[in-house]
Amino acid sequence: MKVGVAFCLWLFPATILCAQSAPPADQVPAHDSLTIASSALHEPRPANVHVPVGYDSSNARYPVLYMPDGGINEDFPHVVNTVDSLVALGKIRPVIVVGIPNTERRRDLTGPTRVASDSQIAPHVGGSAAFRRFIGDELIPEIDRRYRTTDERSIVGESLAGLFIVETFLRQPALFRHYIAFDPSIWWNKANLADSAAALLARHDSTPRSIQLTSSRDDIDAGTARVAHALEAAHRPTLNWRFTPRPDLTHGTIFRAMVPALLAEALR
């Protein structure tokens with residue numbers, strides 16, 4: 001989600017941050033576009049797909065990195081350019097990147113809530129389960145049909161997308177192998193997800209997975225830290241997790257500051 005000098009970023013019903021300067025422009029990378037007539041979401045949903053250098057000249061199969069906020073005018077160019085740079089430096093393996101542009105962002109990336117002020121942020125909220133069905137039942141099979149993929153899937157996102165990523169990790173962990181969340185909006189529904197984290201982790205199987213979390217000084221109610229405490233208490237030997245608090249960064253700066261390091265940690 002791009003933030004510029006003329007824009008303010010909504011964090012919480014009572015909290016708005018205004019960016020001080022625009023981020024540098026990102027070159028739009030080469031990519032394919034496709035549209036899925038989604039039964040889960042009852043609407044057509046586009047996707048942007050970037051394949052690594054050498055894809056067309058090899059028979060290799062590649063892991064896939066999925067990302068909400070994946071429109072050309074959202075985070076897709078920055079993430080793809082960062083991925084390509086990390087691959088060129090030998091920091092990560094080549095991956096296919098799939099960006100999911102938003103239609104109703106606050107509907108798709110939030111779970112149900114009992115908090116009246118949460119429900120006032122958009123005409124529709126609480127649709128994360130349907131969005132997961134779209135990803136798992138419709139988008140992933142279509143990407144696997146069209147491209148040479150492996151079964152290793154990752155997902156990356158910030159803010160409400162980070163909330164969706166943490167919720168997916170806790171509630172449907174088998175959907176991805178690697179989860180990467182920047183300043184996730186854990187405060188949603190009075191931080192019910194943090195309250196439920198320990199019980200949800202107790203249901204996880206022993207399949208190896210990883211989750212990378214980072215939070216800025218704007219982490220409302222220290223929700224990300226509470227999830228990290230639950231991860232620590234769970235003592236799961238097959239789970240590789242790391243929490244990186246960055247009180248020197250803000251909600252508007254943490255994504256660009258931390259995305260290379262967290263991608264390198266997850267995808268090396």
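**Entry 1: helix α6**

I started with the packing of α6. Its buried residues (buried: under 20% relative accessible area, 1.4 Å probe, protein chains only) pack against α3 (116-119), α5 (160-171) and α7 (223-234). Contact here means heavy atoms within 4.5 Å. The model is predicted, so I note that local features need pLDDT of at least 70, side-chain atom pairs count only at pLDDT 80 or more, and totals for chains, interfaces and linings use all residues. Residues are numbered from 1 along each chain as its sequence is written, and side-chain values use heavy atoms, with hydrogens and water left out.

I listed the buried residues of α6; among them are Trp188, Asn189, Leu193 and Leu201. Helices are DSSP runs of H or I, at least four residues; strands are E runs, at least two.

I checked the length of α6 next. Its 14 residues (188-201) should span 20 Å at 1.5 Å a residue, taking one less than the residue count. The end C-alpha atoms are 19 Å apart, which agrees. I also found a bend of about 30° at Asp195. That is the angle between axes fitted to the seven residues ending there and the seven starting there.

**Entry 2: Pro29**

I looked up Pro29 in the loop between β2 (15-18) and β3 (32-38). Pro29 counts as buried because its relative accessibility is 10%. Leaving out residues up to four places away in sequence, Pro29 touches His50, Phe76, Pro77, Val80 and Asn81. Its C-alpha atom is separated by 20 Å from that of Lys91, 62 residues apart along the chain.

**Entry 3: whole protein**

I counted eight helices and 10 strands. Of the 268 residues, 55% count as buried. The C-alpha atoms fill a box of roughly 50 × 45 × 40 Å along the principal axes.

Terms used
Buried means under 20% relative accessible area, exposed over 50%, partly exposed in between (1.4 Å probe, protein chains only).
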